[in-house]
Amino acid sequence: MVKELVRYVYAPFLLIGINGTGIALAAAGAPRAWLLALLLLAITASFAAERLVPYEPRWNEPIDDRSRDSAHAMVNEVLILVSVTAIPLLAAVVPFAGVWPHHWPFLLQVLAAILVADLGMTLVHLASHRVGLLWRFHAVHHSVRRMYGFNGLMKHPVHQTVELSAGVGPLLLLGMPVGVAAALALAAAVQLLLQHSNVDYRVGPLKHVLALNEGHRFHHLKWAGVGDVNFGLFTLVWDRMLGTYSFEPARRFSSDDLGMAAKPSYPTAYLAQLTEPFRPSGACTPGTLSAKDTAAPGRQEHEPEREGDAGSRAGASTTQGRG
């Protein structure tokens, strides 16, 4: 009974409970300390749910990665918090501060910010699978061999900064208030937890709209082209428009499906992952891979369902995608 309850309550608790509380507190001008408190509550709930109703029980066991992932999470979350703190300083110099719809209800301001940020980060995420320089830094995130909550913040700080700038930069230029930015920062952290959590939760048809773990697992398939899908952080709306949406209901995932097929020996230590993009071994080799060569065994004729002409796009992206 408890497990079934967790399956159906976990996602709404984070999406509505944590985010809703954060939005209400931000609208009331509450101290920023609540941001960290709510995030810690979300992390605690995520880890507890992973133990109660895991999607893959083996993903709950560390693979010499717990301290590394904790370091990634701490550094990247500090970057997010620092960016929120710096917003009042940036507000004094932004050229279009009067454009922001301050007269809208606070909730609508946050939802609009989420959609705009989602578009910017989706485009950078997509580019990171096509452009060798960006892939050097994004590859850190794709080196994971299990999916659980902390994977969401396992990113190279350089890529985290680029992605964050693309998502939040336009909003800052428009004069986004610090309260909206704080609520957006919390929503992003919660979304990363949900997107990577090892929880077998249920959201019904929303799995085709929101960028949650069922859809994001396809993004972490280790074969170039096959995994170059579902780039959105908050929603799958932009993926549907770009033709990069992919989903196959019957698909099951294991550690054998994750990582990078072309780089099975990618560094696993934290400091080594920070320096790998700057080494010759961190480069991609355009033209050496094809979707046929790197597709999962036995899946060449049974790719995930895609919208639009994603097949040709997947083939093109493999020059940068997983190696």
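**View 1. Secondary structure of the predicted chain.** The chain folds into twelve helices and two strands, where helices (H or I, at least four residues) and strands (E, at least two) are DSSP runs numbered from the N terminus. This is a predicted model, in which local features need pLDDT of at least 70 and side-chain atom pairs count only at pLDDT 80 or more, while totals for chains, interfaces and linings use all residues. Residues are numbered from 1 along each chain as its sequence is written, and side-chain values use heavy atoms, with hydrogens and water left out.

**View 2. Helix H2, residues 33–52.** The end C-alpha atoms of H2 are 29 Å apart, which agrees with the 28 Å that its 20 residues should span at 1.5 Å a residue, the expected span being 1.5 Å times one less than the number of residues. Among the buried residues of H2 are Trp 34, Leu 35, Leu 38 and Leu 39, buried meaning under 20% relative accessible area (1.4 Å probe, protein chains only).

**View 3. The largest pocket.** Of the 26 residues that line this pocket, Ile 80, Ser 83, Leu 164, Ser 165 and Val 168 lie nearest its centre. A pocket is an open set of points on a 1 Å grid over the protein atoms alone, where a 1.4 Å probe fits, with protein on both sides within 12 Å along at least five of seven lines, and lining residues have an atom within 4 Å of a point. Helix H6 (157–173) is one of the contributing helices, and H6 gives the largest share of the lining, eight residues.

**View 4. The second largest pocket.** Leu 15, Asn 19, Leu 111, Ile 114 and Phe 234 lie nearest the centre of this pocket, which 14 residues line. Its largest share, five residues, comes from H4.

Notes
Buried < 20%, exposed > 50% of the residue type's maximum accessible area, 1.4 Å probe, protein only.
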